[in-house]
Amino acid sequence: MINSSFQFSSDDDSDNCPHDFEGGGSDLEYGLSDFNGLHLNSYSGGMQAEIQADLDRQHLLGDRPRNGVYESVVSDGIEGLEHQERYERLLHRAQIEDLSEVSGIGCLYQSGVDRLGRPVIVFCGKWFPAHNIDLEKALLYLIKLLDPIVKGDYVIAYFHTLTTTNNYPSLHWLRDVYSVLPYKYKKNLKAFYIVHPTFWTKMMTWWFTTFMAPAIKAKVHSLPGVEHLYSAITKDQLEIPAYITEYDMATNGIHYFTPQTQTTTS
């Protein structure tokens with residue numbers, strides 16, 4: 001059962017998110033207990049290969065000899081500089097190129113602030129044509145929108161409502177996006193809400209946060225309905241398309257959850 005009650009507090013600069021859900025744990029456990037005995041054969045060949053590759057990579061990294069630590073530090077430093085230079089180039093392009101092809105879709109935008117005054121980024125999965133869009137321009141638009149926001153704390157609300165396979169980007173692209181974004185994107189992200197998740201969403205989230213992004217795993221929360229968000233974001237600050245609220249009412253009914261609105265400070 002999902003944890004639906006929140007505890008709020010003024011946030012420090014740690015990567016944990018103590019104010020999001022009572023118990024301080026990630027809601028990845030919600031509906032994912034069967035993943036503890038994950039069988040790779042139950043997935044498609046492509047995903048199986050990617051997951052197995054990550055398992056092998058972690059095994060190799062764990063067995064790395066100590067005499068290679070210095071070389072690894074130097075290599076990581078050079079790689080970090082290369083990533084920073086790549087990001088700076090992408091940021092420059094994002095600021096000067098015409099990205100109306102992506103911005104006009106309306107799948108990614110800022111919608112007010114949460115109860116702690118942090119910007120809320122909304123992503124509507126149904127409106128993201130993953131197989132019919134220039135993904136490089138999509139990345140540039142993401143950077144253009146988020147770069148000035150991620151200098152401080154922020155939250156993301158992802159709506160998986162009525163998405164299809166046409167809306168799912170490849171694992172390779174997701175990995176590339178995550179790797180190119182600087183540390184401030186991960187550090188200052190204080191909560192990632194997934195609304196109307198499916199089994200596919202839970203599986204992908206578990207895999208991604210386990211092997212690619214463990215630093216944000218505790219910040220990810222799966223919510224069965226929009227009203228659960230109102231504990232963190234007031235209704236007047238959450239601007240979402242009508243199809244999401246219509247689906248939510250058809251699935252969950254009306255006034256199915258009473259949010260806790262009292263906030264505390266530490």
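Residues are numbered from 1 along each chain as its sequence is written, and side-chain values use heavy atoms, with hydrogens and water left out.

Stay on H4 and look along its axis. Helices (H or I, at least four residues) and strands (E, at least two) are DSSP runs, numbered from the N terminus. At the start of H4, select Asp134, where a side-chain oxygen comes to within 3.0 Å of the backbone nitrogen of Glu136.

Next, show the largest nonpolar core, which is a set of buried Ala, Val, Leu, Ile, Met, Phe, Trp, Tyr and Cys residues joined through side-chain atoms within 4.5 Å. This core has 40 residues, and Ile143, Tyr154, Leu181 and Tyr185 touch the most other members. At least two residues each come from helix H2 (69-96), helix H4 (135-146), strand E3 (154-159), helix H5 (171-180) and helix H7 (199-211), and H4 gives the most, with eight residues. Centre the view on Leu181 and, setting aside residues up to four places away in sequence, you will find it touching Tyr87, Leu142, Ile143 and Lys186, where contact means heavy atoms within 4.5 Å.

Move on to H7, which has 13 residues and reaches 18 Å from its first C-alpha to its last, close to the 18 Å expected at 1.5 Å a residue. Because 10 of the 13 residues of H7 are buried, the helix is largely enclosed by the rest of the structure; among the buried ones are Trp206, Trp207, Phe208 and Phe211.

Which residues does Asn167 contact, leaving aside its neighbours within four places in sequence? Select Asn167 in the loop between E3 and H5, and you will find Gly125, Lys126, Phe128 and Ala130 in contact with Asn167. Asn167 is buried, with a relative accessible area of 11%. Its side chain reaches the backbone oxygen of Gly125 at 3.4 Å, and a polar atom of that side chain lies 3.0 Å from the backbone oxygen of Phe128.

For a contrasting stop, go to Met249 in helix H8 (residues 242-252), which at 44% relative accessibility counts as partly exposed, the class between buried and exposed, with exposed meaning over 50%. Met249 and Glu227 are 22 residues apart in sequence and 9.9 Å apart in space, C-alpha to C-alpha.

Finally, zoom out to the whole chain, which has eight helices and five strands, and in which buried residues make up 44% of the 266 residues. The mean pLDDT, the predictor's confidence in each residue from 0 to 100, is 79 for the chain, and 68% of the residues reach 70 or more. Colour by pLDDT and select residues 1-44, over which the value stays under 50. Where pLDDT is low, the predicted coordinates should not be read in detail.

Conventions:
This is a predicted model: local features need pLDDT of at least 70, side-chain atom pairs count only at pLDDT 80 or more; totals for chains, interfaces and linings use all residues. Buried means under 20% relative accessible area, exposed over 50%, partly exposed in between (1.4 Å probe, protein chains only). A polar contact is a pair of N or O atoms within 3.5 Å; within protein, one must be able to donate a hydrogen and the other to accept it, and residues adjacent in sequence count only if both atoms are side-chain atoms. The expected span of a helix is 1.5 Å times one less than its number of residues.
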